[in-house]
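Me: Please look at the chain shown below. I should like to go through it by question and answer.

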Amino acid sequence: MRPDPIAVPGDVKLDRMGASRQSRGMTDMPDPAAAPAPAPEIASLSFEAAMGELETIVRRLESGDVSLEESVALYERGHALRAHCEARLAAAQARIEQVGFGADGRPAGTTPFGES
């Protein structure tokens, strides 16, 4: 025997927590106007541009105002952006050199970042 459904006015749908999806701006159909414009290829993005897009994706996912399908697509793009940012940071770190000093306090040469 199924329990009686919760009576709600009009065409309002409730989520797991009992909050109205309509009141939170969520619907079953995605809003085509809210769909993101095609983004540039990740490999061509600078670190700053990739990080900015990643921050935008995080805000959208945290807002809860995107469909499940769009959330998955955003998560996948965010994952790729994160990997791109990590690779850019690793490349920059590899290019940084530390100046080594001899016993007399004078510069004795350079070594790659992270090596002593």
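Me: Is Arg 60 buried, partly exposed or exposed, and at what relative accessibility?
Reply: This is a predicted model, in which local features need pLDDT of at least 70, side-chain atom pairs count only at pLDDT 80 or more, and totals for chains, interfaces and linings use all residues. Residues are numbered from 1 along each chain as its sequence is written, and side-chain values use heavy atoms, with hydrogens and water left out. Buried means under 20% relative accessible area, exposed over 50%, and partly exposed in between, with a 1.4 Å probe and protein chains only. Arg 60 therefore counts as partly exposed, at 21%.

Me: With which residue does Arg 60 form a salt bridge?
Reply: A salt bridge is a side-chain nitrogen of Lys or Arg within 4 Å of a carboxyl oxygen of Asp or Glu. The N to O distance from Arg 60 to its partner is 2.5 Å. That partner is Glu 70.

Me: How many residues apart in sequence are the parts that Arg 60 and Glu 70 tie together?
Reply: Helices (H or I, at least four residues) and strands (E, at least two) are DSSP runs, numbered from the N terminus. Arg 60 lies in helix α1 and Glu 70 in helix α2, so the pair ties together parts whose separation in sequence is 10 residues.

Me: How many salt bridges does the structure hold, and which residue pairs with Glu 53?
Reply: The structure holds 3 salt bridges. In one of them, the closest N and O atoms of Glu 53 and its partner are 2.5 Å apart. Glu 53 lies in helix α1 and the partner in helix α2, so the pair ties together parts that are 24 residues apart in sequence. The partner, partly exposed with a relative accessible area of 22%, is Arg 77.

Me: What span should helix α1 have, and what is the distance between its end C-alpha atoms?
Reply: The expected span of a helix is 1.5 Å times one less than its number of residues. Helix α1 covers residues 47–63, which is 17 residues, so it should span 24 Å. The distance between its end C-alpha atoms agrees with this: 24 Å.

Me: How many residues make up the largest nonpolar core?
Reply: A nonpolar core is a set of buried Ala, Val, Leu, Ile, Met, Phe, Trp, Tyr and Cys residues joined through side-chain atoms within 4.5 Å. Among the members of the largest one are Ile 42, Leu 54, Ile 57, Leu 74 and Cys 85. Helices α1 and α2 each supply at least two residues of this core.

Me: With which residues is Ser 71 in contact, aside from neighbours within four places in sequence?
Reply: Ser 71 lies in helix α2. Ser 71 counts as buried, because its relative accessibility is 18%. Its contacts beyond those neighbours are Leu 61 and Val 66.

Me: In what order do the elements of the chain run?
Reply: The chain has 2 helices and 2 strands. From the N terminus on, their order is α-α-β-β.

Technical notes
Contact means heavy atoms within 4.5 Å.
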